[in-house]
2 protein chains.
Amino acid sequence: MSENGALPLRGKVLTVDTMNANVKKVDYAVRGPIVQRAVQIEKELKEGVKKPFEEVIKANIGDAHAMGQRPITFFRQVMALCTYPQLLDDNKFPEDAKNRARRILQSCGGNSIGAYTTSQGIDCVRHDVANYIQRRDGGIPSDPDNIYLTTGASDGIVTILKLLTAGEGRTRTGVMISIPQYPLYSASIAELGAVQISYYLNEEKCWSLDISELQRALQAAREHCSPRVLCIINPGNPTGQVQSRQCIEDVIRFAAKENLFLMADEVYQDNVYAEGCEFHSFKKVLFEMGPEYSSKVELASFHSTSKCYMGECGFRGGYMEVINMDPGVKAQLTKLVSVRLCPPVPGQALMDLVVNSPQPGEPSYQTFMKERTAVLSALAEKAKLTEEILNTVPGISCNPVQGAMYSFPRITLPERAINEAKAKDQAPDMFYCMKLLEETGICLVPGSGFGQREGTYHFRMTILPPTEKLKIMLNKLKEFHQKFTQQYS
Amino acid sequence: MSENGALPLRGKVLTVDTMNANVKKVDYAVRGPIVQRAVQIEKELKEGVKKPFEEVIKANIGDAHAMGQRPITFFRQVMALCTYPQLLDDNKFPEDAKNRARRILQSCGGNSIGAYTTSQGIDCVRHDVANYIQRRDGGIPSDPDNIYLTTGASDGIVTILKLLTAGEGRTRTGVMISIPQYPLYSASIAELGAVQISYYLNEEKCWSLDISELQRALQAAREHCSPRVLCIINPGNPTGQVQSRQCIEDVIRFAAKENLFLMADEVYQDNVYAEGCEFHSFKKVLFEMGPEYSSKVELASFHSTSKCYMGECGFRGGYMEVINMDPGVKAQLTKLVSVRLCPPVPGQALMDLVVNSPQPGEPSYQTFMKERTAVLSALAEKAKLTEEILNTVPGISCNPVQGAMYSFPRITLPERAINEAKAKDQAPDMFYCMKLLEETGICLVPGSGFGQREGTYHFRMTILPPTEKLKIMLNKLKEFHQKFTQQYS
């Protein structure tokens, strides 16, 4: 700077050219350009711009409350009591809600959810989580010391991937993820500079997982990186399949044989709809396979308050359980999470209620069960409805939605549409979804955001809108698809 | 694996040797070994183990509620209403609380704080934050598009550091941080693999910041990295100083001249106690310096719900404002935060209340002001008390606690104590604090956890315990220091 204070002409310190290159590689389709356009359209509608529809239906994200699902009364009662303990004197609140609130508050510093907690999460919540896992898994023990509360499941997943990322060039950590996948995985892998190893799910067999495909992907990857992690999402996102017990056993055997750390994303564990399907946790199957496996295979599994019947995404509650983690690494993990102080305490408290819900004999039990069952049966009905209606459309073929909250149908696009998309430098299913949004107000995520076999096209659609709205949406979609096909044929 | 299913004998996938090397370098003293020992001692006390004290006093962390501070009534009322909207029919809640709750709920998907929000944070909250900043800064405009809600301030700080970290070897991003510093900075720099550039605060001049020291540190660093960021904490943590307007102007001029991105950690902006001291935001000073600076210098400033008079650490609410950020980078930032979906919604709502608190004429105004003033005057009193009592102890010298929540006194340690610590491979002030904890139950953080000039020793102590308890603690500390000095002389 010269003496008279004039600044030299310089550019910005932080530009797209000079910023973190890994961040640039990050992509997250669930909130990508199509959703940004949807938000814009909503604003235009509010400002009175005429459109061929009256509202945007956001079927792009698993956000139950936004789609009209009501919170579970008991959960919100306890959370209100924890937030404003003066309400503990109010006789409008049931005793079991008050007891839960008192117990949570007693484990908080100064009896306030405004205090920091230990970084691993409130002690009594971690105990309750361990008890829940033990009940869920037929008595297989769970140690509260292995439980870490998290800011949603995403936080836990990124933290474990971070621990696992090391090496350079050919020794760089490779992470096996399914294609299609939930883009948190590809985004975190890109951000951490790890190597993505894609294994394809078998669409023809209801998006099942073939060990031979795992083997193929692994072998190919060993040429250029060091594969160390295998990620599984069960029930599947975006694909809605529920893995059989046999398949899980095979995956565990594969991980053991190939020396892979297992990450099991099990946030949809209550969302199983199809007859004959059942949720099996990786932890349970691992321990049922005997000490040869249960004492060796390293596993981290993830759960959250955001899905299942609660749909409490906004609270960002979650937990992970780590099995067979090296004690030195566990100490490093505890240190690492301490830098962010603690997960949000309201989310921790809510996680506690999910794993410690009203029991038979307690005053809130019946209402709780009624509300829980209503959500889950409506979802089961909508899963079926979605599959049925979509499969009536020529050019759309949809696997059964066995679980989770999404259908991921395959769409046939006319050659001319594909070419027009390519001319616009757009993925063909992005072109399709964008047109759908502009013409009908329906907001879906193109399959290209999740990954798919070359030359196939899909979209992900949540089954969350209320039944009547879902029907209208599916029929609009049907109409649109027929029109689109005609227009480009 | 052999045909009969026997697994080859292999070690773990993830070990301390094979894990992320940057994570191993992370240190976070505020929750380090001394705090772990404190938690252990608390357990021992509960189990009936006899100690020379009855309780552990945790003066290691700025956790107001844990130290007995009561939440602000209005904030918790609104939060309870948002959590359990049935209470909106309850006439026990004041109308202004209900209005705030209704407004927040109307901006949530499905009118529920259980829905995801946009990744940047709820629209109306970002508008309220911008209005708050504008009022605070005497009318200098703030654009809601520049506001990002965060999971506490820590989250925002790490995110901006992440964007800024690039290059390899001599071009690797260097980050200038004060010594002493708040260890979130050193920890994040280590985790990201950036280069820490230490500039020392001037203890003799009440921990003030000298531009010549910034210049020295910068020049030295240019030999081995590419300095791009200058971080400032004002009011200071752990050092409690409040920067003068002149000093801030000099820092901005320095950043402009040296092409540095400024990060201003202003989470203690309401915590100013000393006469003649005043909080000046970097944003305000920057804009008062005229367009030559205000149109050029890149700045991110951070605030949270955790400190000031609210002390709501558990909600993990926060925001950052970015000034002069390249639009392309801003798009990358928005994309990056979208991967984690959104900050916790209760924390967003609470942040809204902090920036949109009761106004004169509203029913809750008087109670709110009474509560707010009570907290802040008690803190001012305790800041003074701490300085006064500590300075009566031979071998302890304490700068005035002008702001924030901590004192960071210098302690003189006898040569023999230093040698004994070194023999144990401990930092001498860690040795001192550990002994203090074992003998008195007082939990402080050694100065070595924050950084200090070679050969000097300190500790950080919060001023948060209730006045009477604080007095007892300070006198115990005095006694201990005298005994310790005697013992090792």
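Guide: Two strands pair if DSSP finds at least two bridges between them. Helices (H or I, at least four residues) and strands (E, at least two) are DSSP runs, numbered from the N terminus. This is a predicted model, in which local features need pLDDT of at least 70, side-chain atom pairs count only at pLDDT 80 or more, and totals for chains, interfaces and linings use all residues. Residues are numbered from 1 along each chain as its sequence is written, chains are lettered from A and ligands numbered from 1 in the order in which they are written, and side-chain values use heavy atoms, with hydrogens and water left out.

Visitor: In what order do the 7 strands of the open sheet in chain B lie?

Guide: The order is E2-E8-E7-E6-E5-E3-E4 in chain B, with mixed pairing. Strand E2 (147–151) and strand E4 (195–200) of chain B are the edges, each pairing on one side only. From one strand to the next, the twist averages 25 degrees. Within this sheet, strands E6 (261–265) and E7 (299–304) of chain B run parallel and are joined by 4 bridges; B:Asp265 stands opposite B:Phe302 in E7(B).

Visitor: Which strands does helix H12 of chain B lie across?

Guide: Axes are lines fitted to C-alpha atoms, for helices over the stretch in contact, and angles run from 0 to 180 degrees between N-to-C directions. Helix H12 (327–338) of chain B lies across E2 and E8 (317–323) of chain B, at about 30 degrees to E2(B). B:Gln332 has its place in this helix. With a relative accessible area of 15%, B:Gln332 is buried (buried means under 20%, exposed over 50%, partly exposed in between, with a 1.4 Å probe and protein chains only). Contact means heavy atoms within 4.5 Å; not counting residues up to four places away in sequence, B:Gln332 touches A:Met19, A:Val23 and A:Lys24.

Visitor: How are two packed helices described?

Guide: They are described by the angle between their axes and the distance between the axes. In chain A, the axes of H2 (33–46) and H16 (428–440) come within 11 Å and cross at roughly 10 degrees. H2(A) is therefore roughly parallel to H16(A) (angles under 35 degrees count as roughly parallel, over 145 as roughly antiparallel, 65 to 115 as roughly perpendicular and the rest as oblique). Among the residues that meet are A:Ile34 and A:Arg37 from H2(A), and A:Leu437 and A:Glu438 from H16(A).

Visitor: How many helices and strands does chain A have?

Guide: Chain A has 17 helices and 14 strands. Its C-alpha atoms fill a box of roughly 75 × 65 × 55 Å, taken along the principal axes. Of the 489 residues of chain A, 64% count as buried.
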